[in-house]
Amino acid sequence: MTVTSGYDGRRAARARKFGFARALCLAAFGLAARAGANTSNGFNLPLGVTEISRDIYGLHMEAFWICVGIAAVVFGAMIYSLLKFRHSQGAVADTTMSHSTQVEIIWTIIPAVILIVMAIPAAKIILKMEDTRNSELSIRVTGYQWKWEYQYMDAAEGIDFFSTLARDSNFARQLHSGIDPNTVPNYLLEVDKPLVIPSGTKVRLLLTSQDVIHAWWVPDFGAKRSVVPGFVNELWFRIDPGKEGIYRGQCAALCGRDHGFMPIVVDVRTPDEFKKWVGEQKAAAKPAEAVAAAGSPADDRIADRSTARSAQALPN
Ligand SMILES: [Cu+2]
């Protein structure tokens, strides 16, 4: 973190204004994914590091080229007709043709075929995205205003922590902070404790919320799911082996005042490194557990006393 020497309000305000304008432009051009992506070139969806993200990319490109084809045919016919049959060339309007069953059948069948061609692969990918069977690691994700909680299950059972906006970003975002956000690395896309997962493993997230609707989104995983209070939604991804690293995302549902300040950071490690991390986390948790256990008899005594007192106070 770099603190500008003295308070330069105007400069900070300008930086914030610039940051806001840039965010608006990125969102407007559908490039918001770029902010958190490692594999996006800034002009298209990220290719990503999972099979699902590549499937989504393929689907998107298929739809894109179909649109290009349709545009070429429609605009080509329009421009040709405008030039060829213009008034100055002596063209006379055909007033006799008011209905053609043949043409109507053609312009119904062609779009229907195009839609079916697009729907078949889309349905296949959606079914694949929903298939959370045979997952190897489950993590419960809870959204809060404005942070995430990660509770590990299966082999990493017992690991449970909150992931909140990193201090550098949090200081810089305050009004009149005097800190130029451009000097903060990964501004608003950094957390204190990232989610750690192994590569090459089918990871299933069980997502729920404690307050309002959030959305867990990491563009490079092709993963995005609404996080709804009272519901448990599922999401899965398997990061390609060899693609270990840091991946960034954001809450993708307008969830309140600090919606922009609950980023997601995922630290993908090899299965061996992940196992080591799990061991370290469990070892670090043991002394805390021991203290809690040592403190419990006294707590019980206090509880007993207060129970006894309230029992006495109760009228018979
Ligand atoms: Cu949120």
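**Exercise 1.** In which order do the five strands of the open sheet lie?

*Solution.* Start with the ground rules. Residues are numbered from 1 along each chain as its sequence is written. The model is predicted: local features need pLDDT of at least 70, side-chain atom pairs count only at pLDDT 80 or more, and totals for chains, interfaces and linings use all residues.

Step 1: take the strands (DSSP runs of E, at least two residues, numbered from the N terminus). The protein has 10 strands.

Step 2: find the pairs. Two strands pair if DSSP finds at least two bridges between them. Strand β4 (residues 195–198) runs parallel to β10 (residues 264–269), with four bridges. Strand β9 (residues 245–251) runs antiparallel to β10, with five bridges.

Step 3: read the order. It is β4-β10-β9-β6-β7, with mixed pairing. The edges are β4 and β7 (223–227), each pairing on one side only.

**Exercise 2.** Which residues of β10 are the bridge partners of Arg248 and Ile246?

*Solution.* Take Arg248: its partner in β10 is Val265. Now take Ile246: its partner there is Asp267.

**Exercise 3.** Which residues have the most contacts inside the largest nonpolar core?

*Solution.* Step 1: define the core. It is a set of buried Ala, Val, Leu, Ile, Met, Phe, Trp, Tyr and Cys residues joined through C-beta atoms within 7 Å. Buried means 20 or more other C-beta atoms within 10 Å of the residue's own, with C-beta atoms placed from the backbone.

Step 1: name them. The core has 38 residues, and Val141, Trp216 and Val266 have the most contacts inside it.

Conventions
Buried ≥ 20, exposed ≤ 12 C-beta atoms within 10 Å, placed from the backbone.
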